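Here is a plain walk through a structure for someone who has just opened it. Take a look at the display, then read on.

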Amino acid sequence: MDFFREMWVITRKDLRAELRTKEAINASLAFSLVILVLFSFAFDPTEKETVSMSGGLLWIVFAFAGTLVLNRSFAREVPNDCLDALVAAPISGAALFMGKALANFLLVLAVELVSLPVFGIFYNVHWTSHFWSLMLVLALGTWGLTVIGTIFSALTVNIRLRELMAPLLVYPMLIPALMSAMQLSMDLIAGKPLGGENQIWLRLLVAFDVIFTALSLVLLETVLVG
Amino acid sequence: MREKLIYSLGVIAAVLLARDLYSIFMQLPDEASQGMIYRIIFFHVPAAITAMACSAVACVASILFLVTKNFKHDAIAVASTEVGLAFLAANLVTGSIWGRIIWGIWWTWDARLTSALVCWLLYAGYLMLRRAIEEPAARARISAVFNIFAFADVPIVIFSIKWWRTQHPQPVFWGGGSIDPAMYLTALLNLVALILLGVILTLIRLRQEEVQREIDSIRRYAHAV
């Protein structure tokens, strides 16, 4: 039980710090809107084309905008030596990681839930036909994005060129998760239900989440403390 | 001792490669449907297997480093990753040449090709990450963690051909394919030759790493004095 209490303390701390300044979330939200607008200039798609590129477009937006939140996750602890305090605090590395990941997950998900209807309006797409399935895919894909983003934020927190290195490492690592999330979102927006042919992608996405969550939980302490 | 090992392995690899090249170009006939170009498979597949072996070695070495904190394992990890990256590049390039002849295109976003490229990018990221960290202990620790993450991506490459609909040919050597025994033998011997080559290159690279660390420590000592 202690684990969840500790985790929740970290989550609350991160959410409160973010909601007071709204630095990352505002930037992320604005960025996702800008990309959505840019894409419509770049491709000028017809309605049918929009459906077939919807999954890709959405997840590119989510991945790019999400990184803005995720990159700062550990970097914001560096000024005032907060990171040292967190490491010295009597909680396990796993709880620290889960707490931060959960806070990031909620923030990124909030950005996504705002940009999804905006996408529907701008591109004139009816995306709610399989609403709950789409929410499931959104949650699973975002969790994968968050886990990788959070652990890599910890990995790169003390290195030169941090802002450059993190996306360089995060995006290739995310490709399997993004691929399946894109495929599933596209199918769902096109009106195909989950299951059958696209079930393999759902399994891949779940496996990705499970594998990398477990790895991160085991390795976070090594990353921060050594 | 290490010196002698490298030279003797080198002789064996050279003899094997000469034998295989003779067999590939002089003895084995053209394949029935692909003609001349099928010969690339004798390098394409062994290069892929060698690259995977290298990444497995790097992953084990990274885990061992995190457990023992012995810098020897860090040196093995970086040496093995660099060599594996070279073999994976050879695999991608030979595959691309084959694709140009048989498919008529240099590249396709097929699952297996894509995953191989993703692995290449990941391990290139590993080498870049190392360059961005100056402090040796932090560099070894952080890149070891990254290496383990990258290795988790490798199974997806191996299984992708089974999981996804794919344009890449199904396995010829293992897993239901059929091949002439003479071709199989040559492919197997060439695999041994390329793996030996990988071992030799890794050993040479390892020595460079060790010398580099020695130079660094002498330099630090000189600064301290």
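Let's begin with chain B, whose secondary structure comes to 6 helices and 0 strands. Helices here are DSSP runs of H or I with at least four residues, strands are E runs of at least two, and numbering goes from the N terminus. From the N terminus on, the elements of chain B read α-α-α-α-α-α.

A word on the background: this is a predicted model, where local features need pLDDT of at least 70, side-chain atom pairs count only at pLDDT 80 or more, and totals for chains, interfaces and linings use all residues. Residues are numbered from 1 along each chain as its sequence is written, while chains are lettered from A and ligands numbered from 1 in the order in which they are written.

**The two chains**

Chain A comes to 8 helices and 0 strands, running α-α-α-α-α-α-α-α from the N terminus. Its C-alpha trace spans about 55 × 35 × 30 Å along the principal axes. A compact globule of 226 residues would have a radius of gyration near 17 Å, and chain A, at 18 Å, agrees with that. That radius is taken over C-alpha atoms, and the globule rule is 2.2 Å times the number of residues to the power 0.38.

How much of chain A is buried? Buried residues make up 44% of its 226 residues. In chain B, they make up 36% of the 225 residues. Buried means that 20 or more other C-beta atoms lie within 10 Å of a residue's own; 12 or fewer makes it exposed, anything in between is partly exposed, and the C-beta atoms are placed from the backbone.

Contacts can be read by sequence distance too. Two residues are in contact if their C-beta atoms, placed from the backbone, lie within 7 Å. Of the contacts in chain A with a separation of 6 or more, 86% are between residues 24 or more positions apart. For chain B, 77% of the contacts between residues at least 6 apart in sequence join residues at least 24 apart.

**Where the chains meet, and the core**

At the interface, 20 residues of chain A are in contact with 21 residues of chain B. On the chain A side, the elements that give two or more residues are α7 and α8 (199-224). By class, that side has 16 nonpolar, 3 polar and 1 charged residues. Ala, Val, Leu, Ile, Met, Phe, Trp, Tyr, Cys and Pro count as nonpolar, Asp, Glu, Lys and Arg as charged, and the others, Gly among them, as polar.

The largest nonpolar core has 116 residues, and those with the most contacts inside it are A:I148, B:V145 and B:F146. Helix α7 (residues 162-189) of chain A gives the most to this core, with 15 residues. Such a core is a set of buried Ala, Val, Leu, Ile, Met, Phe, Trp, Tyr and Cys residues joined through C-beta atoms within 7 Å. Leaving out residues up to four places away in sequence, A:I148 touches A:V170, A:M173, A:L174 and A:F212.

**A helix pair in chain A**

α6(A) and α7(A) pack with their axes 10 Å apart, at an angle of about 175°. The two are therefore roughly antiparallel to each other, a label for angles over 145 degrees. Residues of α6(A) in this contact include A:L134 and A:I148, and among those they meet in α7(A) as a group are A:V170 and A:L188. The contact divides into 14 nonpolar, 6 polar and no charged residues.

A:L134 sits in helix α6 of chain A and counts as buried, with 20 C-beta neighbours inside 10 Å. Beyond its neighbours within four places in sequence, A:L134 is in contact with A:W127, A:S185 and A:L188.

Which loops hold the residues below, and how many C-beta neighbours does each have?

| Residue | Loop | C-beta atoms within 10 Å |
|---|---|---|
| B:K69 | between α2 (41-68) and α3 (71-102) of chain B | 13, partly exposed |

Most residues other than glycine have a negative phi. A:N124 has a positive phi, near 55°, and B:K69 has a positive one near 60°. As for B:D30, leaving aside neighbours within four places in sequence, B:D30 is in contact with B:G35 and B:M36.

Terms used: Axes fitted to C-alpha atoms, helices over the stretch in contact; angles between N-to-C directions. Parallel < 35°, antiparallel > 145°, perpendicular 65-115°, else oblique.
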